[in-house]
Amino acid sequence: MRRTYQYRLYPTTTQATTLTQWLTTCRILYNNGLAERKNAWETHKKSVTYNEQANQMKDAKKTNQFLKTVHSQVLQDTLRRLDKTFTNFFRRIKKGEKAGYPRFKGKYRYDSFTYPQSGFAINYKKKKLRLSKIGSINIKLHRPIPSERVIKTFTITRDVDHWYACFSVELPDPALQTHQRALQKAIGVDVGLKSLLTFNNGETIVNPRWLRHSEKKVAKEQRRKDRKQNGSYNRYKQTKKVAQVHRKVRNQRKDFHHKLSRQLVDNYDLIVYENLQITNMVKNHVVAKSISDAGWGQLMHFTEYKAEEAGTVVEYVSAYNTTQLCSNCGKLVPKTLATRIHRCPYCGLMLARDHNSAITILSRSKYYVTSRSSASSGQGLPVEPV
Ligand SMILES: [Zn+2]
(Lines give C-alpha, C1' and ligand atoms only; values in the text may rest on other atoms or scores of the structure.)
Protein backbone atom coordinates (compact mmCIF):
# COMPACT_ATOMS: atom_id res chain seq x y z
CA MET A 1 0.00 0.00 0.00
CA ARG A 2 1.44 3.34 -1.11
CA ARG A 3 0.85 6.58 0.78
CA THR A 4 2.11 10.09 0.13
CA TYR A 5 3.09 12.49 2.89
CA GLN A 6 3.22 16.14 1.94
CA TYR A 7 5.06 18.89 3.80
CA ARG A 8 5.41 22.58 3.14
CA LEU A 9 8.93 23.81 2.42
CA TYR A 10 10.24 27.26 3.23
CA PRO A 11 13.24 27.81 0.94
CA THR A 12 15.31 30.99 1.12
CA THR A 13 15.13 33.30 -1.89
CA THR A 14 18.37 31.84 -3.24
CA GLN A 15 17.13 28.27 -2.73
CA ALA A 16 13.81 29.08 -4.41
CA THR A 17 15.73 30.44 -7.40
CA THR A 18 17.73 27.21 -7.58
CA LEU A 19 14.58 25.08 -7.33
CA THR A 20 12.98 27.09 -10.12
CA GLN A 21 16.14 26.72 -12.20
CA TRP A 22 16.05 22.95 -11.70
CA LEU A 23 12.44 22.85 -12.85
CA THR A 24 13.40 24.79 -15.96
CA THR A 25 16.34 22.48 -16.67
CA CYS A 26 14.16 19.38 -16.23
CA ARG A 27 11.45 20.85 -18.41
CA ILE A 28 13.90 21.65 -21.21
CA LEU A 29 15.43 18.18 -20.92
CA TYR A 30 11.92 16.70 -21.15
CA ASN A 31 11.06 18.78 -24.20
CA ASN A 32 14.38 18.04 -25.93
CA GLY A 33 13.93 14.34 -25.26
CA LEU A 34 10.45 14.54 -26.70
CA ALA A 35 11.73 16.36 -29.80
CA GLU A 36 14.41 13.69 -30.30
CA ARG A 37 11.85 10.90 -30.16
CA LYS A 38 9.53 12.77 -32.47
CA ASN A 39 12.25 13.45 -35.07
CA ALA A 40 13.62 9.91 -34.96
CA TRP A 41 10.16 8.57 -35.64
CA GLU A 42 9.25 11.06 -38.35
CA THR A 43 12.53 10.76 -40.27
CA HIS A 44 13.66 7.15 -39.69
CA LYS A 45 10.58 5.43 -38.26
CA LYS A 46 12.80 4.54 -35.36
CA SER A 47 11.89 4.69 -31.69
CA VAL A 48 14.30 6.00 -29.08
CA THR A 49 14.51 4.18 -25.75
CA TYR A 50 15.01 5.46 -22.23
CA ASN A 51 18.47 3.87 -22.07
CA GLU A 52 19.59 5.54 -25.27
CA GLN A 53 18.55 8.92 -23.92
CA ALA A 54 20.03 8.34 -20.46
CA ASN A 55 23.35 7.33 -22.00
CA GLN A 56 23.63 10.66 -23.76
CA MET A 57 23.56 12.51 -20.44
CA LYS A 58 27.27 12.20 -19.76
CA ASP A 59 28.22 13.94 -23.01
CA ALA A 60 25.44 16.48 -22.72
CA LYS A 61 26.71 17.54 -19.30
CA LYS A 62 30.09 18.45 -20.82
CA THR A 63 28.53 21.18 -22.89
CA ASN A 64 25.47 22.13 -20.84
CA GLN A 65 26.28 23.86 -17.55
CA PHE A 66 22.67 23.69 -16.33
CA LEU A 67 22.54 19.90 -16.56
CA LYS A 68 25.71 19.72 -14.47
CA THR A 69 24.10 21.57 -11.56
CA VAL A 70 21.14 19.17 -11.24
CA HIS A 71 21.36 15.87 -9.34
CA SER A 72 21.86 13.08 -11.89
CA GLN A 73 19.01 10.92 -10.56
CA VAL A 74 16.63 13.84 -10.92
CA LEU A 75 17.61 14.12 -14.59
CA GLN A 76 17.20 10.38 -15.08
CA ASP A 77 13.77 10.55 -13.53
CA THR A 78 12.79 13.31 -15.97
CA LEU A 79 13.68 11.00 -18.87
CA ARG A 80 11.78 8.17 -17.19
CA ARG A 81 8.67 10.37 -17.01
CA LEU A 82 8.99 11.00 -20.72
CA ASP A 83 9.41 7.28 -21.31
CA LYS A 84 6.29 6.55 -19.27
CA THR A 85 4.30 9.10 -21.27
CA PHE A 86 5.26 7.27 -24.45
CA THR A 87 4.55 3.84 -23.01
CA ASN A 88 1.07 5.00 -22.02
CA PHE A 89 0.56 6.59 -25.41
CA PHE A 90 1.45 3.39 -27.28
CA ARG A 91 -0.58 1.24 -24.93
CA ARG A 92 -3.68 3.30 -25.62
CA ILE A 93 -3.04 3.21 -29.38
CA LYS A 94 -2.66 -0.58 -29.23
CA LYS A 95 -5.95 -0.89 -27.40
CA GLY A 96 -7.54 1.16 -30.15
CA GLU A 97 -8.28 4.06 -27.85
CA LYS A 98 -8.01 7.68 -28.81
CA ALA A 99 -4.68 9.05 -27.56
CA GLY A 100 -3.09 12.45 -27.97
CA TYR A 101 0.57 12.48 -28.98
CA PRO A 102 2.79 13.43 -26.00
CA ARG A 103 3.01 17.18 -25.72
CA PHE A 104 5.73 19.68 -25.06
CA LYS A 105 5.56 21.22 -21.61
CA GLY A 106 4.97 24.95 -21.35
CA LYS A 107 6.60 27.20 -18.78
CA TYR A 108 3.85 26.76 -16.20
CA ARG A 109 3.13 23.11 -16.98
CA TYR A 110 6.12 21.56 -15.34
CA ASP A 111 5.91 21.79 -11.57
CA SER A 112 7.81 18.94 -10.02
CA PHE A 113 10.99 16.90 -10.01
CA THR A 114 11.77 13.62 -8.28
CA TYR A 115 14.69 12.12 -6.41
CA PRO A 116 13.89 8.46 -7.08
CA GLN A 117 16.02 6.85 -4.36
CA SER A 118 18.63 9.01 -2.74
CA GLY A 119 19.95 12.53 -2.49
CA PHE A 120 17.75 13.70 0.36
CA ALA A 121 17.64 13.40 4.16
CA ILE A 122 15.37 14.76 6.88
CA ASN A 123 16.76 16.26 10.05
CA TYR A 124 13.85 16.08 12.50
CA LYS A 125 15.61 17.99 15.25
CA LYS A 126 16.56 20.97 13.14
CA LYS A 127 13.42 20.72 10.96
CA LYS A 128 15.50 20.71 7.81
CA LEU A 129 15.41 18.81 4.60
CA ARG A 130 18.85 18.22 3.14
CA LEU A 131 18.92 18.05 -0.62
CA SER A 132 21.97 16.97 -2.51
CA LYS A 133 23.37 19.88 -4.56
CA ILE A 134 20.89 22.37 -3.06
CA GLY A 135 21.49 22.37 0.69
CA SER A 136 19.27 22.43 3.79
CA ILE A 137 15.76 23.77 3.35
CA ASN A 138 13.38 24.61 6.20
CA ILE A 139 10.53 22.14 6.33
CA LYS A 140 7.32 22.18 8.37
CA LEU A 141 6.95 18.64 9.72
CA HIS A 142 3.33 18.95 10.82
CA ARG A 143 3.19 15.18 11.29
CA PRO A 144 5.93 12.59 11.53
CA ILE A 145 6.99 10.07 8.94
CA PRO A 146 7.44 6.96 11.10
CA SER A 147 10.93 5.66 10.69
CA GLU A 148 9.99 2.09 9.86
CA ARG A 149 8.11 3.35 6.86
CA VAL A 150 10.37 3.15 3.91
CA ILE A 151 10.44 6.16 1.65
CA LYS A 152 10.17 4.99 -1.91
CA THR A 153 10.41 8.21 -3.85
CA PHE A 154 10.65 11.84 -3.01
CA THR A 155 9.23 14.67 -5.12
CA ILE A 156 9.50 18.43 -4.87
CA THR A 157 6.47 20.27 -6.20
CA ARG A 158 5.68 23.89 -6.86
CA ASP A 159 2.20 25.32 -6.41
CA VAL A 160 2.30 28.90 -7.72
CA ASP A 161 4.90 30.26 -5.26
CA HIS A 162 4.68 27.58 -2.55
CA TRP A 163 6.98 24.59 -2.42
CA TYR A 164 6.21 21.13 -1.06
CA ALA A 165 8.10 17.97 -0.30
CA CYS A 166 6.13 14.79 -1.09
CA PHE A 167 7.34 11.47 0.25
CA SER A 168 5.88 8.34 -1.20
CA VAL A 169 6.12 5.52 1.33
CA GLU A 170 5.32 1.84 1.21
CA LEU A 171 3.18 0.69 4.13
CA PRO A 172 2.43 -2.88 5.09
CA ASP A 173 -0.98 -3.97 3.83
CA PRO A 174 -3.49 -3.96 6.66
CA ALA A 175 -4.46 -7.44 7.74
CA LEU A 176 -7.51 -8.53 5.84
CA GLN A 177 -9.77 -8.88 8.82
CA THR A 178 -12.69 -7.38 6.98
CA HIS A 179 -14.44 -10.60 6.13
CA GLN A 180 -14.18 -12.08 9.56
CA ARG A 181 -15.48 -8.93 11.07
CA ALA A 182 -19.20 -8.33 11.25
CA LEU A 183 -20.12 -5.14 9.49
CA GLN A 184 -22.08 -3.69 12.35
CA LYS A 185 -22.56 -0.18 11.11
CA ALA A 186 -23.18 0.68 7.50
CA ILE A 187 -24.00 3.91 5.73
CA GLY A 188 -25.22 4.72 2.22
CA VAL A 189 -23.93 7.97 0.77
CA ASP A 190 -25.46 10.01 -2.03
CA VAL A 191 -23.17 12.70 -3.41
CA GLY A 192 -24.76 15.76 -4.91
CA LEU A 193 -24.48 19.38 -5.78
CA LYS A 194 -27.15 20.87 -3.55
CA SER A 195 -25.95 18.97 -0.52
CA LEU A 196 -22.45 17.61 -0.82
CA LEU A 197 -23.50 14.39 0.92
CA THR A 198 -26.83 12.88 1.93
CA PHE A 199 -26.92 9.74 4.07
CA ASN A 200 -29.48 6.99 4.20
CA ASN A 201 -30.50 8.21 7.66
CA GLY A 202 -31.56 11.51 6.09
CA GLU A 203 -28.71 13.63 7.40
CA THR A 204 -27.00 15.92 4.96
CA ILE A 205 -23.70 17.74 4.68
CA VAL A 206 -23.63 20.95 2.73
CA ASN A 207 -20.50 22.68 1.56
CA PRO A 208 -19.52 24.88 4.50
CA ARG A 209 -20.15 28.60 4.27
CA TRP A 210 -16.47 29.57 4.34
CA LEU A 211 -15.83 27.33 1.36
CA ARG A 212 -18.66 28.94 -0.57
CA HIS A 213 -17.29 32.33 0.42
CA SER A 214 -13.83 31.42 -0.91
CA GLU A 215 -15.38 30.19 -4.14
CA LYS A 216 -17.05 33.57 -4.58
CA LYS A 217 -13.69 35.21 -4.03
CA VAL A 218 -12.14 33.14 -6.82
CA ALA A 219 -14.85 34.36 -9.18
CA LYS A 220 -14.27 37.96 -8.10
CA GLU A 221 -10.51 37.81 -8.68
CA GLN A 222 -11.11 36.10 -11.99
CA ARG A 223 -13.40 38.94 -13.11
CA ARG A 224 -10.71 41.41 -12.09
CA LYS A 225 -8.21 39.53 -14.20
CA ASP A 226 -10.52 39.56 -17.21
CA ARG A 227 -10.62 43.36 -17.02
CA LYS A 228 -6.82 43.72 -17.22
CA GLN A 229 -5.26 44.23 -20.60
CA ASN A 230 -3.86 41.15 -22.32
CA GLY A 231 -0.10 40.82 -21.94
CA SER A 232 0.17 43.61 -19.38
CA TYR A 233 2.14 43.32 -16.16
CA ASN A 234 -1.03 43.97 -14.16
CA ARG A 235 -2.66 41.02 -15.84
CA TYR A 236 0.30 38.81 -15.01
CA LYS A 237 0.07 39.93 -11.38
CA GLN A 238 -3.65 39.27 -11.29
CA THR A 239 -3.17 35.82 -12.89
CA LYS A 240 -0.88 34.95 -10.01
CA LYS A 241 -3.44 36.28 -7.54
CA VAL A 242 -6.17 34.08 -9.08
CA ALA A 243 -3.88 31.04 -8.86
CA GLN A 244 -3.20 31.80 -5.20
CA VAL A 245 -6.88 32.09 -4.31
CA HIS A 246 -7.51 28.85 -6.22
CA ARG A 247 -4.81 27.16 -4.20
CA LYS A 248 -6.36 28.39 -0.97
CA VAL A 249 -9.79 27.03 -1.91
CA ARG A 250 -8.24 23.78 -3.04
CA ASN A 251 -6.44 23.39 0.28
CA GLN A 252 -9.53 24.30 2.30
CA ARG A 253 -11.59 21.76 0.41
CA LYS A 254 -8.91 19.13 0.84
CA ASP A 255 -8.86 19.77 4.55
CA PHE A 256 -12.65 19.52 4.72
CA HIS A 257 -12.63 16.24 2.79
CA HIS A 258 -9.96 14.85 5.11
CA LYS A 259 -12.15 15.60 8.14
CA LEU A 260 -15.31 14.25 6.53
CA SER A 261 -13.70 11.02 5.39
CA ARG A 262 -12.09 10.62 8.82
CA GLN A 263 -15.52 10.90 10.49
CA LEU A 264 -17.04 8.38 8.10
CA VAL A 265 -14.25 5.85 8.57
CA ASP A 266 -14.22 6.28 12.36
CA ASN A 267 -17.98 5.78 12.66
CA TYR A 268 -18.82 3.09 10.13
CA ASP A 269 -17.66 -0.38 9.17
CA LEU A 270 -19.16 -0.18 5.71
CA ILE A 271 -19.43 2.93 3.54
CA VAL A 272 -21.40 2.62 0.33
CA TYR A 273 -21.00 5.11 -2.51
CA GLU A 274 -22.43 5.22 -6.00
CA ASN A 275 -20.05 4.27 -8.75
CA LEU A 276 -20.06 7.55 -10.65
CA GLN A 277 -18.26 8.11 -13.90
CA ILE A 278 -17.04 11.49 -12.77
CA THR A 279 -14.85 12.15 -15.82
CA ASN A 280 -17.85 11.58 -18.07
CA MET A 281 -20.02 13.82 -15.97
CA VAL A 282 -17.46 16.61 -16.04
CA LYS A 283 -17.72 16.58 -19.83
CA ASN A 284 -21.28 17.81 -19.40
CA HIS A 285 -20.38 21.48 -19.22
CA VAL A 286 -23.47 22.77 -17.50
CA VAL A 287 -22.71 20.94 -14.29
CA ALA A 288 -18.98 20.44 -14.85
CA LYS A 289 -17.79 23.36 -12.80
CA SER A 290 -19.91 22.57 -9.77
CA ILE A 291 -18.89 18.90 -9.95
CA SER A 292 -15.20 19.73 -10.02
CA ASP A 293 -15.75 22.13 -7.15
CA ALA A 294 -17.57 19.58 -5.05
CA GLY A 295 -14.59 17.26 -5.57
CA TRP A 296 -16.45 14.00 -5.06
CA GLY A 297 -13.59 12.00 -6.49
CA GLN A 298 -11.18 13.40 -3.93
CA LEU A 299 -13.53 12.69 -1.05
CA MET A 300 -14.05 9.11 -2.21
CA HIS A 301 -10.33 8.62 -2.64
CA PHE A 302 -9.64 9.94 0.88
CA THR A 303 -12.33 7.67 2.30
CA GLU A 304 -10.82 4.70 0.50
CA TYR A 305 -7.30 5.02 1.77
CA LYS A 306 -8.31 5.85 5.33
CA ALA A 307 -10.64 2.86 5.24
CA GLU A 308 -7.85 0.63 4.00
CA GLU A 309 -5.81 1.40 7.10
CA ALA A 310 -8.75 0.97 9.45
CA GLY A 311 -10.09 -2.23 7.92
CA THR A 312 -13.32 -0.49 6.97
CA VAL A 313 -15.04 -1.50 3.74
CA VAL A 314 -15.75 1.08 1.05
CA GLU A 315 -18.05 -0.28 -1.59
CA TYR A 316 -19.16 1.20 -4.90
CA VAL A 317 -22.54 0.14 -6.21
CA SER A 318 -24.23 0.74 -9.54
CA ALA A 319 -25.50 4.29 -9.90
CA TYR A 320 -28.17 3.19 -12.37
CA ASN A 321 -31.48 4.93 -11.66
CA THR A 322 -30.70 5.52 -7.98
CA THR A 323 -32.60 8.81 -8.13
CA GLN A 324 -35.55 7.45 -10.09
CA LEU A 325 -36.41 4.32 -8.16
CA CYS A 326 -38.49 4.25 -4.99
CA SER A 327 -36.32 3.00 -2.15
CA ASN A 328 -39.34 1.39 -0.50
CA CYS A 329 -41.24 -0.44 -3.26
CA GLY A 330 -38.61 -0.35 -6.04
CA LYS A 331 -40.98 1.13 -8.62
CA LEU A 332 -39.85 3.74 -11.11
CA VAL A 333 -40.80 7.29 -10.08
CA PRO A 334 -39.46 9.64 -12.80
CA LYS A 335 -38.00 12.96 -11.69
CA THR A 336 -36.37 15.88 -13.41
CA LEU A 337 -33.29 17.59 -11.97
CA ALA A 338 -35.63 20.18 -10.45
CA THR A 339 -37.73 17.65 -8.53
CA ARG A 340 -36.35 17.82 -5.01
CA ILE A 341 -38.90 15.53 -3.34
CA HIS A 342 -39.50 11.86 -4.00
CA ARG A 343 -43.26 11.18 -3.92
CA CYS A 344 -44.11 7.59 -4.67
CA PRO A 345 -47.62 7.18 -6.15
CA TYR A 346 -47.44 3.39 -5.57
CA CYS A 347 -46.54 3.03 -1.91
CA GLY A 348 -46.92 6.61 -0.72
CA LEU A 349 -43.30 7.10 0.38
CA MET A 350 -42.32 10.73 0.58
CA LEU A 351 -38.69 11.69 1.15
CA ALA A 352 -36.14 14.25 0.09
CA ARG A 353 -34.84 13.20 -3.31
CA ASP A 354 -31.25 12.57 -2.17
CA HIS A 355 -32.37 10.76 0.98
CA ASN A 356 -34.34 8.31 -1.16
CA SER A 357 -31.26 7.75 -3.35
CA ALA A 358 -28.99 7.15 -0.36
CA ILE A 359 -31.32 4.39 0.89
CA THR A 360 -31.32 2.75 -2.55
CA ILE A 361 -27.53 3.01 -2.69
CA LEU A 362 -27.14 1.25 0.66
CA SER A 363 -29.64 -1.46 -0.33
CA ARG A 364 -27.50 -2.31 -3.37
CA SER A 365 -24.52 -3.20 -1.21
CA LYS A 366 -23.64 -6.87 -1.28
CA TYR A 367 -22.07 -6.64 2.17
CA TYR A 368 -25.00 -4.80 3.70
CA VAL A 369 -27.48 -7.50 2.77
CA THR A 370 -25.58 -10.10 4.73
CA SER A 371 -24.56 -7.92 7.63
CA ARG A 372 -27.98 -6.70 8.85
CA SER A 373 -26.68 -3.27 9.59
CA SER A 374 -28.27 -1.02 12.09
CA ALA A 375 -27.36 2.12 10.19
CA SER A 376 -30.83 3.41 9.46
CA SER A 377 -31.67 3.22 13.14
CA GLY A 378 -28.19 4.23 14.27
CA GLN A 379 -27.23 7.59 15.66
CA GLY A 380 -25.84 8.68 12.34
CA LEU A 381 -22.75 10.68 11.68
CA PRO A 382 -21.88 13.22 14.32
CA VAL A 383 -21.45 16.37 12.31
CA GLU A 384 -20.70 19.77 13.68
CA PRO A 385 -22.96 22.45 12.28
CA VAL A 386 -21.23 24.50 9.61
ZN1 LIG B 1 -42.74 3.32 -3.55
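**Helix packing and its surroundings**

A: Helix 1 and helix 5 cross in a right-handed manner (a crossing is right-handed if the near helix is turned clockwise from the far one by less than a right angle, and left-handed if anticlockwise). The model is a predicted one, in which local features need pLDDT of at least 70 and side-chain atom pairs count only at pLDDT 80 or more, while totals for chains, interfaces and linings use all residues. Residues are numbered from 1 along each chain as its sequence is written, and side-chain values use heavy atoms, with hydrogens and water left out.

Two packed helices are described by the angle between their axes and the distance between the axes. Here the axes of helix 1 and helix 5 (residues 72–94) come within 9 Å and cross at roughly 40 degrees. Axes are lines fitted to C-alpha atoms, for helices over the stretch in contact, with angles from 0 to 180 degrees between N-to-C directions. Helix 1 and helix 5 are therefore oblique to each other, given that angles under 35 degrees count as roughly parallel, over 145 as roughly antiparallel, 65 to 115 as roughly perpendicular and the rest as oblique. On the helix 1 side, the residues that meet helix 5 are Trp22, Cys26, Leu29, Tyr30, Gly33, Leu34 and Arg37; their partners in helix 5 include Val74, Leu75, Leu79, Leu82 and Phe86. Contact means heavy atoms within 4.5 Å. Sorted by class, the residues joining helix 1 and helix 5 are ten nonpolar, three polar and three charged (Ala, Val, Leu, Ile, Met, Phe, Trp, Tyr, Cys and Pro count as nonpolar, Asp, Glu, Lys and Arg as charged, and the others, Gly among them, as polar).

A second pair is helix 6 (residues 209–227) and helix 7 (residues 233–267), whose axes come within 9 Å and cross at roughly 165 degrees. Helix 6 and helix 7 are therefore roughly antiparallel to each other, and their crossing is left-handed. Among the residues that make this contact are Trp210, Leu211, Glu215 and Lys225 of helix 6, together with Arg235, Val242, Val249 and Phe256 of helix 7. Seven nonpolar, six polar and nine charged residues make up the contact of helix 6 with helix 7.

Helix 7 also packs against helix 10 (residues 296–310): their axes come within 9 Å and cross at roughly 40 degrees. Helix 7 is therefore oblique to helix 10, and the crossing is right-handed. Residues of this contact include His257, Leu260 and Val265 of helix 7, and Leu299, Phe302 and Tyr305 of helix 10. By class, the contact of helix 7 with helix 10 has seven nonpolar, five polar and four charged residues.

These helices belong to a protein with twelve helices and 14 strands, where helices (H or I, at least four residues) and strands (E, at least two) are DSSP runs numbered from the N terminus. Of its 386 residues, 41% count as buried (buried means under 20% relative accessible area, exposed over 50%, partly exposed in between, for a 1.4 Å probe and protein chains only). The largest nonpolar core holds 39 residues, and Phe113, Tyr115, Leu131, Phe154 and Phe167 have the most contacts inside it. Helix 1 (residues 13–44) supplies the largest share of this core, eight residues. A second, separate core of 24 residues includes Val191, Val245, Phe256 and Leu260. A nonpolar core is a set of buried Ala, Val, Leu, Ile, Met, Phe, Trp, Tyr and Cys residues joined through side-chain atoms within 4.5 Å. Beyond four places in sequence, phenylalanine 154 touches residues including Phe113, Tyr115, Leu131 and Phe167.

Tryptophan 163 lies in strand 7 (residues 162–170) and is buried, with a relative accessible area of 5%. Its contacts beyond four places in sequence include Ala16, Leu19, Thr20 and Leu23. Valine 160, in the loop between strand 6 (150–159) and strand 7, is partly exposed at 29% relative accessible area. Its phi is near 55 degrees, a positive value in a residue other than glycine. Serine 47 sits in the loop between helix 1 and helix 2 (50–55), where it contacts Trp41 and Glu52, leaving aside neighbours within four places in sequence.
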